[in-house]
Each structure stands twice: as C-alpha cells, then as structure tokens.
Amino acid sequence: MNQPSLSQARSRFTSSSIRWGFMWAMWAAVLWGAWYVPGSAVWFETPYINLSFDTNAQFLLAAAVLTTFNAIAVLFFLFVWNGVLGKLGEYVRTIRQMRFISKWFFIGAIFGGPMAIFGSYLAIGYIGGAFAAISALMYPIIGATLARLWYQEKITKRAAVGIFIILAGGVTVYAPGIIAEITGTGDAGWLGYLGGAMAAIGWGVEGAIAGRGLDVADPDVGITVRFTAEVLYWVLLILPAIYFFTDQPVVELVIATFNWAVIGWLMLAGVSFAFCYVSWYKSFPLIGVGRGQAIAALYGLFAVIFLAAFTLEFPDWNFLAGLALFVIGGFVMFTESDEVLEVVRAVSSDTKTSTATTSAAHS
C-alpha cells in the first residue's frame with residue numbers, strides 16, 4: 001500500500017473513532033439523564049416516603065441503602081450485557097489481575113459509588129432531582145484537570161474556554177443556595193449541597209482513573225469490575241459498619257426495600273445507569289476523558305427534560321441559567337477540529353515515535 005493510501009486509511013480510521021467516541025458520550029448523556037427519573041421516584045415509595053427524616057442520620061442511611069441496591073441492579077445488567085457479548089471469561093481474567101488492571105477500577109469505584117452516586121442520592125433526597133442532576137455538571141473540570149496532570153491528556157485553549165464556561169455555570173447553580181444557607185434563610189439543608197459537590201468531584205476523579213485503567217482493559221469488562229468493587233464496598237464494608245457502629249435500623253430498612261414498587265424503580269435505574277456507564281467508558285479511549293466527560297455532561301439537559309415531563313415542574317431560574325452555561329461549555333469543547341482530537345494525549349514518547357516514523361517514511 002503506498003503512502004497516500006496509508007494516509008487516507010489512517011484519516012478514515014481517525015474520523016470513525018472520533019465519531020464513535022462522541023456517539024458513545026451522547027448515549028451516556030441520554031441514559032444518564034433518564035436515570036434521574038427512577039432515582040427521584042424511589043424516594044416517593046414506601047418505606048422512604050414514610051421516613052420522618054428528623055435527623056441527618058436517617059437521610060444518610062436511606063441514601064446508603066438506595067445506593068447499595070442501585071449498585072446491585074447495575075451490576076446485574078452488566079453481567080447480562082457481558083454474557084450476551086461472550087465476555088464473562090475475560091471478566092474473570094481481568095478481575096484476577098488486581099495488581100496491574102483491576103486496582104484502577106477498584107479505586108475508581110470508591111469515588112464513583114460511595115462518593116458520587118451516594119452524593120447524588122443525597123442531593124435528590126434533600127433538594128430534588130433537577131438540582132442533583134445540574135449540580136454534578138462541574139465534574140468534567142475535575143476529570144479533565146486530573147487527566148492533564150496525571151497522564152498529560154491535552155487541554156487546548158478551546159477546551160479551557162469550555163471548562164471556564166462550565167465553571168461559571170457551577171457558580172450560578174450553587175451560589176444562591178449556599179449564600180442562603182450561610183445567612184440562615186435557606187431551607188434545603190447543607191447536606192444536599194454537599195451531596196451535589198460529592199457527585200461532581202467523585203465522577204470527575206472516577207473518570208480520570210477509568211481513563212488510566214482503560215489503557216489495559218476492555219470498557220465492557222472494566223465497568224463490570226468497577227461495579228463489582230462498589231457492591232463489595234457497600235455489602236461487606238459500609239452497611240455492616242453502619243449496623244455495628246450506629247443505632248440506625250439498617251436491617252429493617254433493607255428488608256422494607258424489598259417491595260415491588262421500590263424494586264421496580266431501582267431496576268429501571270439499574271438498566272439505565274448500566275448502559276450509561278458502558279457508553280461513558282467506551283468514549284474515553286476514543287476522544288479522551290475531558291471531552292468524553294464534557295459531552296456526557298449534557299445529561300443535565302436530558303435530566304431536566306425527563307423530570308419536567310414526569311413531574312410537570314421546572315427548576316428555579318438559577319438552575320436553568322447554570323444548565324445553559326453547562327450546555328454551552330460542553331458544545332465549545334465538542335466543536336474542536338478532528339486534527340486536535342486525533343491525539344488526545346501529549347505523551348513525549350509517542351511524539352518521538354511519530355517523528356521517527358515520519359522521518360523514516362521520507363528517507
């Protein structure tokens with residue numbers, strides 16, 4: 001094959017990879033937005049609708065139990081997905097490689113599960129689904145920054161402008177509520193804002209760690225290992241710790257959760273989040289963590305649309321203004337040229353190899 005043919009084939013492969021990367025990220029956004037509907041509805045079912053929530057401990061326990069069931073439901077659908085794809089054998093081989101592969105997903109699960117998803121359930125319970133969805137939209141800043149510092153993923157001036165716009169959106173969403181809480185005029189509770197911040201930081205850190213782990217693992221298998229770790233954390237460590245070291249009714253709430261209405265909502269949450277995460281992880285190797293997270297952050301738009309369609313209620317003005325800034329910032333990052341997106345990491349060794357290959361081709 002002559003040089004022009006190689007160049008054309010490489011160009012077509014690059015364009016196809018970038019197109020698929022954005023498509024996976026967009027699918028993640030749609031399914032992520034859909035997750036907030038069952039994630040919010042479950043709070044209005046027995047036993048959660050009947051809890052008095054007189055103390056923050058009751059809220060924390062309810063969010064912990066819901067996050068545990070959410071993780072189990074997601075893992076169930078991921079096993080079904082890998083079974084259909086014939087990757088269960090690869091899952092076993094991957095999870096046994098704890099030192100070189102699985103450790104990344106076990107670390108990522110700490111930030112994605114007990115921090116981000118738990119924080120999101122807290123924000124939903126305290127303030128509402130729309131706030132929880134929009135408040136976490138700052139997570140691409142965390143992910144892009146860590147990916148830059150850790151493994152030198154490129155952040156162009158255009159991407160930096162998009163990140164700045166997203167940051168302005170975060171200030172617009174958080175500032176009025178936090179000022180109200182500080183001045184004593186707010187009624188939402190600081191735990192709700194803390195939950196939103198936990199979600200943003202947790203998903204941002206998880207994305208950066210996943211980007212490193214996906215260098216050596218298949219996305220379908222990697223995300224299954226990640227949720228296996230989260231289920232183990234909740235079932236073997238966190239819920240037992242709450243049971244033994246507090247007087248909260250852990251066992252009673254877990255048993256009461258086994259009713260058709262709650263399990264039905266949690267299964268819907270599980271299937272939407274499972275394939276949201278599959279799409280999210282698949283986008284990272286193709287377009288980079290920063291851009292994959294920025295496009296997937298459009299989930300906030302879909303969440304507001306889905307929640308408004310089901311509840312006929314619209315969020316406050318500052319949430320909508322922040323949502324607009326998040327969407328604009330995401331599109332600024334989205335519209336970078338293929339030439340910029342072709343190489344998502346500024347790794348010196350790659351550059352030297354490319355240069356040497358080019359020199360050899362012209363010699």
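A contact means heavy atoms within 4.5 Å. By this rule, and not counting residues up to four places away in sequence, Lys-87 touches Asn-82, Asp-218, Asp-220 and Val-221. The structure is a predicted model, in which local features need pLDDT of at least 70 and side-chain atom pairs count only at pLDDT 80 or more, while totals for chains, interfaces and linings use all residues. Residues are numbered from 1 along each chain as its sequence is written, and side-chain values use heavy atoms, with hydrogens and water left out.

The pLDDT is the predictor's confidence in each residue, from 0 to 100. The protein chain averages 81, and 85% of the residues score at least 70. Helices (DSSP runs of H or I, at least four residues) and strands (runs of E, at least two) are numbered from the N terminus. Where pLDDT is low, the predicted coordinates should not be read in detail.

Helix H2 (residues 56–85) has 30 residues. From its first C-alpha to its last, H2 reaches 43 Å, close to the 44 Å expected; the expected span is 1.5 Å times one less than the number of residues. Gly-86 follows H2 and has a positive phi, near 70°. Lys-87 is found in the loop between H2 and helix H3 (88–96). Lys-87 counts as buried because its relative accessibility is 18%; buried means under 20% relative accessible area, exposed over 50%, and partly exposed in between (1.4 Å probe, protein chains only). In the loop between helix H1 (3–41) and H2 lies Pro-47. A cis peptide bond, with omega of about 10°, joins Thr-46 and Pro-47. Most residues other than glycine have a negative phi, and most peptide bonds are trans.

A salt bridge is a side-chain nitrogen of Lys or Arg within 4 Å of a carboxyl oxygen of Asp or Glu. The count comes to 6 salt bridges. In one of them, Glu-206 pairs with Arg-226, the closest N and O atoms being 2.7 Å apart. This pair links distant parts of the chain, with Glu-206 in helix H8 (residues 190–213) and Arg-226 in helix H9, 20 residues apart. Glu-206 is buried, at 0% relative accessibility, and Arg-226 is buried with a relative accessible area of 0%. Arg-226 also meets Glu-230 in a salt bridge (2.5 Å, N to O). Both residues lie in helix H9, 4 residues apart, or about one turn of the helix. Salt bridges that share partners join Lys-87, Asp-218, Asp-220 and Lys-282 into one network. Asp-215 and Arg-212 form a salt bridge at 3.7 Å, N to O. Asp-215 is partly exposed, at 42%, and Arg-212 is partly exposed, at 27%.

A nonpolar patch on the surface is formed by Ile-72, Leu-232, Val-235, Leu-236 and Leu-237, with about 430 Å² of accessible area together. Patches are made of residues with over 30% relative accessible area and no salt bridge; like charges are joined within 9 Å, and nonpolar side chains (Val, Leu, Ile, Met, Phe, Trp, Tyr) within 5 Å. Accessible areas come from the Shrake-Rupley method with a 1.4 Å probe, and for residues only the protein chains shown count as cover. Helix H9 (residues 219–245) gives the largest share of the patch, 4 residues. Val-235 has its place in H9 and is partly exposed, with a relative accessible area of 39%.
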